[in-house]
Amino acid sequence: MNSLKNLQINIVMLALTLLFVIILIFPLCSLLVKAFLSSSGSFVGLENYMKYFATPALSASIGNTIYVSTVSAVFGTLFGFLYAYGLARTNIMGKKIFQYIALIPLFLPTVVHGLGLVYLFGKQGIFTTWGIDIGLYGSTGIILSEIIYTFPQAFLMFLITLKYADGRLYEVAETMGCNSLKKFMHITLPSIKYTVINSLFVCFTLAFTDFGAPKVLGGSYNVLATDIYKQVAGQFNMNMGAVVSTLLLLPAIISFVVNHIIARKSVETISSKASSLRLKVNKYRDNIFMAFCTLISICILGLVLVLCIGAFSKYYPYDLSFTWQNFIFNKSTGGWQSYINSIQMSILTAFVGTIFVFVYAYIIERGQCLKLFKQAGKLLSCLPLALPGMVIGLGFIFFFNNKLNPLNIVYGTVWILVLANVLHFYAVPFVTATSALKKLDREYENVAQSLTIPLWKTFIKVIMPLSLPAILEIFMYYFVNSMVTVSAVVFLYSAQFKIASIAITHMEEAGDIAQAAAMSILILCINIIVRIGYEFSINIIKKRNVSGGF
């Protein structure tokens with residue numbers, strides 16, 4: 001009986017692994033092969049790379065990308081740390097509100113961050129009309145937009161690290177006469193050093209591979225992401241697009257390796273004897289961080305406010321009278337259907353992604369399958385972390401847009417967008433799932449096995465209810481990110497199935513900034529609704545757990 005169960009688990013694991021290989025390894029190999037071929041399909045070796053680096057306008061993009069990514073990573077990390085420190089290590093009021101405000105940029109496509117800056121600092125921007133011209137278009141605008149994009153990512157990393165601290169270390173330091181600066185330098189900084197390094201690499205990679213902000217604010221300032229778009233969508237030069245994509249992979253791979261090393265080195269646990277950190281009254285400190293957090297919050301809310309002004313104004317900035325006209329979208333750029341399509345795609349992605357991730361993570365963590373399958377599963381689950389969205393999208397084109405490929409039937413449909421999103425955002429949900437499963441006692445399966453209860457029934461009746469918070473978090477994560485993604489789907493959508501984030505880029509290209517702002521507000525609203533639904537569900541689950549409902 002056990003051998004039959006093990007065989008079934010191995011079959012399921014093999015099927016899931018093969019599916020993973022098909023959507024991950026095959027497209028990536030197709031992309032890498034394309035970089036070494038000519039447009040006619042003949043092997044040319046490194047000729048495409050030599051051609052790329054011999055073109056000054058193209059090769060300059062590498063230096064530009066490194067510059068804006070480095071500056072964005074430094075400031076994104078710095079602001080993220082200070083904001084998280086204010087929420088975790090001070091007595092300021094309204095911490096929950098500040099935390100929710102910090103997450104707002106995650107609910108908007110990066111294209112929209114650029115649009116908000118255009119309303120503020122563009123040629124007809126609010127601050128520009130007041131005489132404050134920062135020269136938005138070019139490196140300045142891209143850096144500002146990328147800081148907005150990377151700030152929430154850094155903030156979340158630091159918030160988790162700073163919340164878990166052993167108060168005894170600070171108490172001992174205080175009894176030894178150490179002042180606040182010494183405690184910060186010798187206790188706080190060493191405890192977050194790996195988070196700092198990880199944040200810098202993560203923020204650098206996010207800025208390096210982002211397409212939305214450079215698309216809106218880049219102007220003639222080329223970066224690698226816009227180079228790929230111009231080569232593929234503008235010149236239909238797929239081979240050169242593949243070359244640039246491989247360059248886009250380099251920082252992501254480095255970041256992946258660094259993240260893996262840090263994860264191994266920073267395995268620190270809080271002792272059971274640890275005491276929580278008691279925050280002392282310090283009005284000077286609290287006032288400084290209250291001012292800083294308020295300033296950052298005003299900047300984020302200001303970005304949303306100007307989008308609302310643009311969306312509900314007749315003709316910004318000349319006629320600010322209220323109108324709904326901007327929500328009557330042009331069908332040429334996608335119309336309301338693109339918004340409905342985005343919701344449909346995001347729901348499908350959330351369902352498919354959540355089921356695939358949780359089942360795969362469960363078998364890897366707790367299934368009695370071959371060790372080889374488990375090792376292969378863990379390796380495959382790490383790789384998406386190192387793949388930028390545009391690389392995934394281009395790889396999918398080369399692999400699925402092939403008449404000899406029986407899977408060609410998904411090309412041009414919503415399902416290729418779903419597969420791209422499931423793969424693109426896979427890494428975080430997988431970590432969430434495995435973390436939740438590791439907390440569950442293995443005795444559940446042992447008892448079920450002794451009572452000859454089928455594994456699938458144990459999984460549905462016991463494991464899933466106990467892991468419901470993690471499942472809901474994965475669902476919410478997939479939905480929100482699928483609504484805002486641009487880079488992963490910019491090459492994959494069809495004329496019959498446009499989505500909202502792509503519609504915004506087309507509206508911006510056509511000069512319909514007000515309609516782009518209106519669509520942005522709609523995306524923000526649906527993502528906030530989903531987030532509120534998630535929080536509401538989690539509170540219900542917690543109350544049921546306390547009352548013994550589960």
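A hairpin of three residues links strand E1 to strand E2. E1 covers residues 313-315 and E2 covers residues 319-322; the two run antiparallel and are joined by two bridges, where strands count as paired if DSSP finds at least two bridges between them. Tyrosine 315 has aspartate 319, in E2, as its bridge partner. Strands (E, at least two residues) and helices (H or I, at least four) are DSSP runs, numbered from the N terminus. The model is predicted, so local features need pLDDT of at least 70 and side-chain atom pairs count only at pLDDT 80 or more, while totals for chains, interfaces and linings use all residues. Residues are numbered from 1 along each chain as its sequence is written, and side-chain values use heavy atoms, with hydrogens and water left out.

Helix H5 (residues 110-121) should span 16 Å at 1.5 Å a residue, and its end C-alpha atoms are 17 Å apart, which agrees; the expected span is 1.5 Å times one less than the number of residues. H5 is mostly covered, with 12 of its 12 residues buried, among them His113, Gly114 and Tyr119. Here buried means under 20% relative accessible area, exposed over 50%, and partly exposed in between (1.4 Å probe, protein chains only).

Helix H15 (residues 371-382) also reaches 17 Å from its first C-alpha to its last, close to the 16 Å expected. Within H15, Phe373, Gly377, Leu380 and Ser381 are buried. These four lie on the same side of H15 because they cover an arc of only 100° around the axis, the arc being that of the directions from the helix axis to the C-beta atoms. Lys371, Leu372 and Leu379 are exposed on the other side of H15.

Glycine 353, in helix H14 (residues 335-366), is buried, with a relative accessible area of 0%. Its C-alpha atom is separated by 5.2 Å from that of valine 422, 69 residues apart along the chain.

On the surface, Val74, Phe75, Leu78 and Leu200 form a nonpolar patch with about 300 Å² of accessible area together. Patches are made of residues with over 30% relative accessible area and no salt bridge, like charges being joined within 9 Å and nonpolar side chains (Val, Leu, Ile, Met, Phe, Trp, Tyr) within 5 Å. A salt bridge is a side-chain nitrogen of Lys or Arg within 4 Å of a carboxyl oxygen of Asp or Glu. Accessible areas come from the Shrake-Rupley method with a 1.4 Å probe, and for residues only the protein chains shown count as cover. Helix H3 (residues 56-88) gives the most to the patch, with three residues. Valine 74 is found in H3 and is partly exposed, with a relative accessible area of 41%.
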